Amino acid sequence: MEKFGFFISKGRQINYDSNDRSIAEYIYEREPSFRRCIECGGCSATCTTGSMTKFSLRELHILIKRGENDKVMESLKKCMLCGKCILVCPRGVNTRNIVVLAKQAFQKSAAYAI
Ligand code: SF4
Ligand code: SF4
């Protein structure tokens with residue numbers, strides 16, 4: 001069939017109901033400062049890994065909250081746990097601990113092999 005010059009894009013909706021948000025809940029419980037993050041991006045701007053790669057801690061926080069866990073697992077590996085991001089966060093979020101807890105949550109979860 002002849003192709004025309006337009007097509008319908010694939011849907012990009014995020015389904016909060018069907019996404020697995022257990023990793024986010026695990027972190028909220030143990031590091032309540034995670035709730036204070038306003039996704040300003042200050043941490044990403046100073047991140048050691050972010051200066052050399054496309055890694056963004058801000059994006060990682062958003063993905064965790066959305067329950068997009070496959071992407072989270074991939075991104076988590078890039079953090080070096082240097083702790084620079086903690087120093088600049090205007091909301092006093094313990095960013096380093098969030099990464100540590102996310103890794104821990106994946107290790108404990110039977111649903112994910114890390
Ligand atoms: S600097 Fe703090 S408030 Fe801003 S995105 Fe990073 S963790 Fe969230
Ligand atoms: S602890 Fe991780 S996210 Fe924070 S500045 Fe270091 S590499 Fe970046």
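Predicted model: local features only at pLDDT ≥ 70, side-chain atom pairs only at ≥ 80, totals over all residues.
Local features here need pLDDT of at least 70, side-chain atom pairs count only at pLDDT 80 or more, and totals for chains, interfaces and linings use all residues. Residues are numbered from 1 along each chain as its sequence is written, and chains are lettered from A and ligands numbered from 1 in the order in which they are written.

Let's start with helix 3 (57–66). Helices are DSSP runs of H or I with at least four residues, numbered from the N terminus. Helix 3 is mostly covered, with 7 of its 10 residues buried (20 or more other C-beta atoms within 10 Å of a residue's own, C-beta atoms being placed from the backbone; exposed is 12 or fewer, partly exposed in between). Just past its end, G67 has a positive phi of about 80°.

N69, V72, S75 and L76 are buried, and they sit on the same side of the helix because they cover an arc of only 120° around the axis (taken from the directions from the helix axis to the C-beta atoms). The face turned away carries the exposed D70 and E74.

| Helix | Buried residues |
|---|---|
| Helix 3 | L57, R58, L60, H61, L63, I64, K65 |
| Helix 4 (residues 69–76) | N69, V72, S75, L76 |

The buried residues of helix 4 pack against helix 1, helix 3 and helix 6 (contact is C-beta atoms within 7 Å).

Now the ligand. Ligand 1 has 14 residues around it, and the closest are C37, C40, G42, C43 and C89 (near is a C-beta atom within 6 Å). Helix 3 gives the most to this shell, with 3 residues.

Terms used. Helix = DSSP H or I, 4+ residues; strand = E, 2+ residues; numbered from the N terminus. Contact = placed C-beta atoms within 7 Å.
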